[in-house]
Amino acid sequence: MNVPSSLGGRLNATIPLARLTVGEEKLTMQPRSFARMFTEFEVPLKEIAAAFPLTGTFMASGVGFELSDSQLAYFWTLGEKGRILAVLQNRGVRVDPVARRAAGALLGQLGFGGSTRSAVGSVP
C-alpha cells in the first residue's frame, strides 16, 4: 500500500505487508500484524472518484485509487488487479480501464511533492 500520511508525505508497505478489504461502503488498506506500527487507511467508496490498474515495474503492479479530494492511493498486488477492480465496479466505483503509473509514490515517501493529506480518507 502507498497512501497519504497524517505526518505529511506518504506511507508505503510493500507486498505482502498490507491487506485490502472492500466492504459494502468503504475500502480499507491495513498493514499486516508484523507491520502494525501504522494505522489503517480507510475511505468511503463514494469518495473514490476512480479506480484503475497500475502499470510499470514489477514492484509497481497493483490498483490505484483517485480520491474525490484529488489525492491518490495505491495497493500493490501481483495478480489480483482484475478481481479487485471487478469488486469495486460491482460496489458502484467508477473503474478506468486505462492503466496509469503510480505518480508521486516515491517522491511522497521522501517528503517531496507537496501536501499529501486526504480530506476524505482516514490516514495512518
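Visitor: Which residue forms a salt bridge with lysine 26?
Guide: Glutamate 42 does, with the closest N and O atoms 3.0 Å apart. Lysine 26 sits in strand β4 and glutamate 42 in strand β5 (residues 41-44), so the pair ties together parts that are 16 residues apart in sequence. Bear in mind that this is a predicted model.

Visitor: Is lysine 26 buried, exposed or partly exposed?
Guide: Lysine 26 is partly exposed, at a relative accessible area of 39%.

Visitor: How many salt bridges in the whole structure?
Guide: A search of the whole structure gives five. One of the pairs is arginine 91 with glutamate 24, at 3.5 Å from N to O.

Visitor: Where do arginine 91 and glutamate 24 lie?
Guide: Both are in loops: arginine 91 between α1 (81-90) and α2 (105-109), glutamate 24 between β3 (18-22) and β4 (26-31). The pair therefore ties together parts that are 67 residues apart in sequence. Arginine 91 is partly exposed at 31% relative accessible area, while glutamate 24 counts as exposed at 64%.

Visitor: What does arginine 83 meet in a salt bridge?
Guide: The side chain of glutamate 80, at 2.9 Å from N to O. Arginine 83 counts as exposed, with 60% relative accessibility. Glutamate 80 has 33% and counts as partly exposed.

Visitor: And which residues are linked in a network of salt bridges?
Guide: Glu66, Asp96 and Arg100.

Visitor: Change of topic. What's the secondary structure of the chain?
Guide: Two helices and eight strands. Read from the N terminus, the order is β-β-β-β-β-β-β-β-α-α.

Visitor: How much of the chain is buried?
Guide: Of its 124 residues, 43% count as buried. The accessible surface is about 6600 Å², and carbon and sulfur atoms account for 55% of that. As for contacts between residues at least 6 apart in sequence, 55% of them join residues at least 24 apart.

Visitor: Which residues touch the most other members of the largest nonpolar core?
Guide: Met1, Leu27, Met29, Ile48, Phe65, Phe75 and Leu88, out of 24 residues in that core. At least two core residues come from each of β3, β4, β5, β6 (48-53), β7 (62-67), β8 (72-76) and α1.

Visitor: Take phenylalanine 65. What does it touch?
Guide: Setting aside residues up to four places away in sequence, phenylalanine 65 touches Leu27, Met29, Ile48, Ala50, Ala51, Phe52, Gln71, Leu72, Ala73, Tyr74, Phe75 and Leu88. Another core, of five residues, lies apart from the largest one; Phe52, Leu54, Trp76 and Ala102 are among its members.

Visitor: Back to α1. Which of its residues are buried?
Guide: Ile84, Leu85 and Leu88 are buried in α1. They span an arc of only 95° around the axis, which places them on the same side of α1.

Visitor: Why do residues three or four places apart point the same way in an α-helix?
Guide: Because an α-helix has 3.6 residues a turn.

Visitor: What do the buried residues of α1 pack against?
Guide: Against β3, β4, β6, β7 and β8. On the face of α1 turned away from the buried side are the exposed residues Arg83 and Asn90.

Visitor: What comes just after α1?
Guide: Glycine 92, which takes a positive phi of about 95°.

Visitor: Where does valine 95 lie?
Guide: In the loop between α1 and α2. Leaving out neighbours within four places in sequence, valine 95 is in contact with Ala51, Leu85 and Gln89.

Visitor: One more, threonine 28. Buried or exposed?
Guide: Threonine 28 has 9% relative accessibility and so counts as buried, the cut-off being under 20%. Threonine 28 is in strand β4, the strand that also holds lysine 26.

Visitor: What does threonine 28 touch?
Guide: Not counting residues up to four places away in sequence, threonine 28 touches Arg19, Leu20, Thr21, Glu40, Phe41 and Glu42.

Technical notes. Residues are numbered from 1 along each chain as its sequence is written. This is a predicted model: local features need pLDDT of at least 70, side-chain atom pairs count only at pLDDT 80 or more; totals for chains, interfaces and linings use all residues. Side-chain values use heavy atoms; hydrogens and water are left out. A salt bridge is a side-chain nitrogen of Lys or Arg within 4 Å of a carboxyl oxygen of Asp or Glu. Helices (H or I, at least four residues) and strands (E, at least two) are DSSP runs, numbered from the N terminus. Buried means under 20% relative accessible area, exposed over 50%, partly exposed in between (1.4 Å probe, protein chains only). Contact means heavy atoms within 4.5 Å. Accessible areas come from the Shrake-Rupley method with a 1.4 Å probe; for residues, only the protein chains shown count as cover. A nonpolar core is a set of buried Ala, Val, Leu, Ile, Met, Phe, Trp, Tyr and Cys residues joined through side-chain atoms within 4.5 Å. The arc is that of the directions from the helix axis to the C-beta atoms.
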